[in-house]
Amino acid sequence: MNPEEVLENCIKAFKITNKYFPYVSFERALFLGWYCNLKEPCKFCYMSVLKERIKEPKKAKRSLASILAEAILMKRIGWKLEFISGGYGYSEEEINRIAEAVAYVQRCKQYLNVGVVDVENINLDVIEGVVGAVETLREREKLCPGKSLEKIKENLIKAKDLGLKTGITIILGLNEREEDIEKLLNLIEELELDRITFYSLNPQKGTIFENKPSVTTIEYMNWVSSVRLAFPKIKIITGVWTDKISMISPLILAGSNVITKFPLFSIYGTKYAHWVEKEVRKVKELYGTFTDLDILKGLKKLEKTPYVDEDIKVSDKTVELVESIKSEISKKINDYINKVEKRAKNGE
Ligand code: SF4
């Protein structure tokens, strides 16, 4: 890797991004639970470690009230749901019910990242797109033995044929090499992807990556700027954890237009959240907030949001279901807000 070349590419990539994406926003995956039923889990995933300990998978799934409370709060603060996500093992019926309910409370269509599911059995009126968890293009059989790339590709092609948008996720820090960038560019072209999410590996205790270094900032910039230069209009979402906040402005300069992967309610309103906002604002306009408690509490409206209200059609059954758990949802919303206020006050 030639660092000078990477920096020159970033300058070009930033200019291109500014042309098609005037602002940066936050997104976050909405998790359905902490269980994945893949027989051979991915070698880097914390679910592979948790799996042994989870004796009753049903209890590892979140309640619908908790999922919807999070969706409502995210709309308030202007964080789009990156996708509805969970490990493998959710039935199409469950996914459909949850996607309808989330779309109903958010008044907007959703992305799914729930393994290879038959999208034809989902209410496509509430789905904007499908994301395939590709994760890596090197040693894929070893690192993701249970997730066939061919099946993911077939699923994405099918989704595209049905008129949906498509995307993939890639984790950096899994021993990838610079020459793998070309493989990624080819895959984006082959599948005509609308978006890509990059994550930086957060090495998990108990996995083979424990104590291994993750991707460096310059390497991350190289991947992002290469994609931006080759695909000017693609949405590029970059994930960083709280130990990598200083990567944010370099990644925006490299071509990212969405930032993701924070423990939202644990750091909202804290010094880390202020730092995240500052990292974005120093280089670009920010839509959404990570610090305003009045907006989170619903006392004030967000001025600039990436959300656009849509006409969402869901079944009567879903409407009845959501209405029947309204008080439970309100209680969960209050629990989340109280947790945030406590942490922000204590300066944690
Ligand atoms: S499919 Fe997803 S949740 Fe399941 S082991 Fe792999 S990365 Fe983890």
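1. In helix H3 of this predicted model, the buried residues are Leu64, Ala65, Ser66, Ile67, Leu68, Ala69, Glu70, Ala71, Leu73, Met74 and Ile77. Because 11 of the 14 residues of H3 are buried, the helix is largely enclosed by the rest of the structure. H3 covers residues 64-77 and reaches 20 Å from its first C-alpha to its last, which is close to the 20 Å expected at 1.5 Å a residue. Just after H3 comes glycine 78, whose phi is positive, at about 80°.

2. Helix H8, residues 217-230, also deserves attention: it has 14 residues and a reach of 20 Å from first C-alpha to last, close to the 20 Å expected at 1.5 Å a residue. Its buried residues are Tyr220, Met221, Asn222, Trp223, Val224, Ser225, Ser226, Val227 and Arg228. The elements that cover these buried residues include the helices H1 (3-20), H7 (180-191) and H9 (248-254), together with the strands E5 (165-172), E6 (195-200) and E7 (235-239).

3. Asparagine 9 gives a residue-level view of helix H1, in which it is found. With a relative accessibility of 15%, asparagine 9 falls under the 20% cut-off and therefore counts as buried. When its neighbours within four places in sequence are left aside, asparagine 9 is in contact with Ser225 and Leu229; Ser225 is itself listed among the buried residues of H8.

4. Glutamate 128 is found in strand E4, which runs over residues 127-135, and is partly exposed, with a relative accessible area of 23%. Not counting residues up to four places away in sequence, glutamate 128 touches Lys109, Gln110, Tyr111, Leu164 and Lys165. From glutamate 128 to asparagine 222, the separation is 94 residues in sequence and 29 Å in space, C-alpha to C-alpha, and asparagine 222 is one of the buried residues of H8.

5. The largest pocket has a volume of about 1,200 Å³. It is lined by 44 residues, and those closest to its centre are Phe31, Tyr46, Met47, Ser85 and Lys261. By class, the lining of the largest pocket divides into 23 nonpolar, 13 polar and eight charged residues.

6. The second largest pocket holds about 490 Å³ of space. Strand E1 (23-31), strand E2 (80-85) and strand E3 (110-113) each supply at least two residues of the lining of the second largest pocket. The classes in the lining of the second largest pocket are 11 nonpolar, four polar and 11 charged residues.

7. For the protein as a whole, the secondary structure comes to 14 helices and nine strands. The radius of gyration is 19 Å, close to the 20 Å that the globule rule gives for 348 residues, so the protein is as compact as a globular protein of that length. Along its principal axes, the C-alpha trace spans about 60 × 40 × 40 Å.

8. Two further totals concern burial and contacts. Of the 348 residues of the protein, 55% count as buried. Among contacts between residues at least 6 apart in sequence, 76% join residues at least 24 apart.

Definitions and conventions. Residues are numbered from 1 along each chain as its sequence is written. This is a predicted model: local features need pLDDT of at least 70, side-chain atom pairs count only at pLDDT 80 or more; totals for chains, interfaces and linings use all residues. Side-chain values use heavy atoms; hydrogens and water are left out. On a 1 Å grid over the protein atoms alone, a cavity is a set of points where a 1.4 Å probe fits but cannot get out, and a pocket is an open set with protein on both sides within 12 Å along at least five of seven lines; lining residues have an atom within 4 Å of a point. Grid points are joined across faces, edges and corners, and a volume is the space filled by probe spheres set on the points. Ala, Val, Leu, Ile, Met, Phe, Trp, Tyr, Cys and Pro count as nonpolar, Asp, Glu, Lys and Arg as charged, and the others, Gly among them, as polar. Helices (H or I, at least four residues) and strands (E, at least two) are DSSP runs, numbered from the N terminus. The expected span of a helix is 1.5 Å times one less than its number of residues. Buried means under 20% relative accessible area, exposed over 50%, partly exposed in between (1.4 Å probe, protein chains only). Contact means heavy atoms within 4.5 Å. The radius of gyration is taken over C-alpha atoms; the globule rule is 2.2 Å times the number of residues to the power 0.38.
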